Amino acid sequence: MIERLQASSYISSQPQQKVNEQSTAFSELLRQRMENVGSMPTVNNTEIEFSKHAQQRVEQRGIEINSELLAQLKNSVEKAQEKGAKNILAFDAERAFIINVVQNRVITAISQDEMQGNVFTNIDGAVLLK
C-alpha cells in the first residue's frame, strides 16, 4: 500500500494537460461533424474518381474515358445529389457506371455486352448519360 502511495506522488500534472488538449481537439472535431450531419458533400468543384476496381474494369472492358465522359459522369452525380441519391447507375447505350454519389467515386464500369441481361442492385437512382 505504501508503495502505491509513493508511486502516485510521482505522477505529474503534465499528462493530464495533454489529455485535456486531446479531448478539446476531439470535442471540436465532433462539433464540426455534428454540424454537417445530414448534409451531402458538394461535388461541384470535385472531379470524379475511379476506384481501383473500376479502373481495372475500364481497362479489361476497353471503355474509353475522355474529358466528355468525365463531364457527363460529373453532371450525373450532381443531378443525383440534388435528388438525394447515394448510389446510381449512370448509363448510355454503350456503357454503364455504378457511382457512389456521396464519395463522388465510380465503383465499377460495365460494357454494352455485359449490360444485357444484367440486374443492377444496391442503387437508388439511374441517370441517362447525354
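Which side chains meet in a salt bridge at 2.6 Å, N to O? They are those of Arg-61 and Glu-114. This pair links distant parts of the chain, with Arg-61 in helix α3 (residues 52-61) and Glu-114 in helix α5 (residues 112-115), 53 residues apart. The model is predicted, and the count of salt bridges in it comes to three.

**Overall fold**
- The chain contains five helices and five strands, arranged along the sequence in the pattern α-α-β-α-α-β-β-β-α-β.
- Of the 130 residues in the chain, 28% are buried.
- The accessible surface comes to about 9500 Å², and carbon and sulfur atoms account for 50% of that surface.
- Among contacts between residues at least 6 apart in sequence, 61% join residues at least 24 apart.

**Salt bridges**
- Arg-105 forms a salt bridge with Glu-49, their closest N and O atoms being 2.9 Å apart.
- Because Arg-105 belongs to strand β4 (residues 105-111) and Glu-49 to strand β1 (residues 49-50), this pair ties together parts that are 56 residues apart in sequence.
- Arg-105 is partly exposed at 28% relative accessibility, as is Glu-49 at 38%.
- Asp-92 forms a salt bridge with Arg-95, with 3.2 Å between the closest N and O atoms.
- Asp-92 counts as buried at 16% relative accessibility, and Arg-95 counts as buried at 16%.

**Surroundings of Gln-72**
- Gln-72 lies in helix α4 (residues 67-83) and is buried, with a relative accessible area of 13%.
- Beyond residues up to four places away in sequence, Gln-72 touches Arg-95, Leu-129 and Lys-130.

Methods
Residues are numbered from 1 along each chain as its sequence is written. This is a predicted model: local features need pLDDT of at least 70, side-chain atom pairs count only at pLDDT 80 or more; totals for chains, interfaces and linings use all residues. Side-chain values use heavy atoms; hydrogens and water are left out. Helices (H or I, at least four residues) and strands (E, at least two) are DSSP runs, numbered from the N terminus. Buried means under 20% relative accessible area, exposed over 50%, partly exposed in between (1.4 Å probe, protein chains only). Contact means heavy atoms within 4.5 Å. Accessible areas come from the Shrake-Rupley method with a 1.4 Å probe; for residues, only the protein chains shown count as cover. A salt bridge is a side-chain nitrogen of Lys or Arg within 4 Å of a carboxyl oxygen of Asp or Glu.
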